Amino acid sequence: MSTLNILVTGANGQLGSELKYIYNSGNFKTGTSVNVVFTDIDTLDITNTIFLKKFLQDHSFDYIINCAAYTQVDKAETDSENAFIINSKCVKSIIDSIKAYNTRFIHISTDYVFDGENYIPYTEENQTNPQSVYGKSKEEGEKIALTYNNTIVIRTSWLYSSFGNNFAKTIHKYCKEKNELNVVFDQVGTPTYARDLANAIIQIIDQSVNHKNFVPGIYHYSNEGVCSWYDFARAIAIKSYSNCKINPIESKDYPTPVKRPFYSVLNKSKIKSIYNLNIPHWEDSLNEFFKCI
Ligand SMILES: NC(=O)c1ccc[n+]([C@@H]2O[C@H](COP(=O)([O-])OP(=O)(O)OC[C@H]3O[C@@H](n4cnc5c(N)ncnc54)[C@H](OP(=O)(O)O)[C@@H]3O)[C@@H](O)[C@H]2O)c1
């Protein structure tokens with residue numbers, strides 16, 4: 001059986017690090033021998049079009065998992081050019097370079113492509129309407145990715161991991177340092193433990209390799225359940241055995257350069273049925289996260 005060749009870009013980020021962790025633990029199981037090449041900006045800067053093209057030509061990858069992204073939501077408002085280069089223009093460079101090889105492309109996107117004004121979970125069919133530069137750059141990246149017929153786009157929300165910086169780690173740290181914390185209760189969504197998303201991606205590749213089940217298109221993935229950032233922070237404080245008091249506040253009392261979506265719950269029916277995924281509840285995954293920090 002031939003070895004499966006997979007590239008992970010942006011591999012030092014949260015999701016990429018989880019994929020690396022799973023691979024190094026010997027659990028990157030696709031039913032065949034697998035070689036995963038992990039790159040980040042130091043080894044494969046996706047903005048370096050000439051190098052990128054040559055790199056992709058020199059290795060014939062069966063799959064690319066594109067975790068490289070510009071993810072600084074507030075900074076993107078004043079750094080629009082770079083956000084669009086990394087989140088959109090580079091996606092075009094990648095697909096232009098792999099079209100000839102039929103490489104399967106798994107691209108990650110975000111709930112920020114929506115305006116957050118829904119009141120029932122967003123499906124893949126819902127109209128996008130990004131409200132920020134970051135959201136617009138990711139929406140454009142999705143559209144470009146989907147011009148290639150070997151693309152799966154996975155939109156996710158509220159990503160966190162023991163690797164990198166994120167809300168869960170910040171609250172955990174503050175819980176040890178502060179007596180009180182104010183957290184917004186009027187923004188509702190679902191946290192996504194990056195390790196769960198990484199495992200879901202591996203399962204998609206496994207289904208594709210062993211059951212010829214690779215269905216291009218957009219998919220939504222987060223953990224199960226719904227909560228506000230306040231609920232999430234409270235759960236983190238409890239699991240941190242902290243006496244820090246978490247106060248619920250309104251978004252208007254916590255201004256940020258980018259207005260955050262009030263509602264970003266994603267409907268995951270499509271990914272669950274097509275790829276037979278069993279998605280953990282966010283509270284169970286938070287327990288798993290606490291075993292790793
Ligand atoms: N974080 C969230 O809450 C969230 C929510 C929904 C969707 N998403 C999406 O999920 C995906 C993974 O997110 P994440 O949280 O794992 O992101 P992340 O931690 O910010 O990781 C992104 C990685 O890409 C790298 N990168 C940036 N520019 C690059 C370049 N030119 N060439 C190669 N690599 C480059 C970054 O390096 P530097 O750190 O040096 O820039 C970083 O290591 C992204 O597509 C993101 O948009 C994230």
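Trainee: What volume does the largest cavity have?
Mentor: About 30 Å³. Keep in mind that this is a predicted model.
Trainee: And how many cavities of 30 Å³ or more does a search of the whole structure find?
Mentor: The search finds 1.
Trainee: Which residues line the largest cavity?
Mentor: The lining is made of Asp111, Tyr112, Trp158, Gln187, Trp229, Arg260, Pro261 and Ser264. By class, that lining divides into 4 nonpolar, 2 polar and 2 charged residues.
Trainee: What about the phi of Tyr241, which follows α7?
Mentor: Tyr241 has a positive phi, near 50 degrees.
Trainee: Back to α5. Where is Tyr174 found?
Mentor: Tyr174 sits in helix α5, residues 167-177.
Trainee: Why does Tyr174 count as partly exposed?
Mentor: Because its relative accessibility is 29%.
Trainee: How far apart are Tyr174 and Cys244?
Mentor: In sequence, 70 residues. In space, C-alpha to C-alpha, they are 8.3 Å apart.
Trainee: New topic. Is Glu142 buried or exposed?
Mentor: Glu142 is buried, because its relative accessible area is 3% and buried means under 20%. Glu142 belongs to helix α4, residues 133-145.
Trainee: Which residues is Glu142 in contact with, leaving aside neighbours within four places in sequence?
Mentor: Glu142 contacts His107, Ser109, Val113, Val153, Arg155 and Ile218.
Trainee: Last one. At what angle do helix α1 and helix α6 pack?
Mentor: About 65 degrees, with the axes 8 Å apart. Helix α1 spans residues 14-24 and helix α6 spans 194-211. The crossing of α1 past α6 is right-handed.
Trainee: Which residues meet there?
Mentor: From α1, Gln14, Leu15, Glu18, Leu19, Tyr21 and Ile22. From α6, Ala194, Arg195, Leu197, Ala198, Asn199, Ile201 and Ile202. The residues of this α1 and α6 contact divide into 9 nonpolar, 2 polar and 2 charged.

Notes
Residues numbered from 1 in each chain as written. Predicted model: local features only at pLDDT ≥ 70, side-chain atom pairs only at ≥ 80, totals over all residues. Heavy atoms only, no water. Helix = DSSP H or I, 4+ residues; strand = E, 2+ residues; numbered from the N terminus. Buried < 20%, exposed > 50% of the residue type's maximum accessible area, 1.4 Å probe, protein only. Axes fitted to C-alpha atoms, helices over the stretch in contact; angles between N-to-C directions. Left-handed = near helix turned anticlockwise from the far one by under 90°. Contact = heavy atoms within 4.5 Å. Nonpolar A, V, L, I, M, F, W, Y, C, P; charged D, E, K, R; others polar. 1 Å grid on protein atoms, 1.4 Å probe; cavity = no way out; pocket = protein on both sides within 12 Å on 5 of 7 lines; lining within 4 Å. Points joined across faces, edges and corners; volume = space filled by probe spheres on them.
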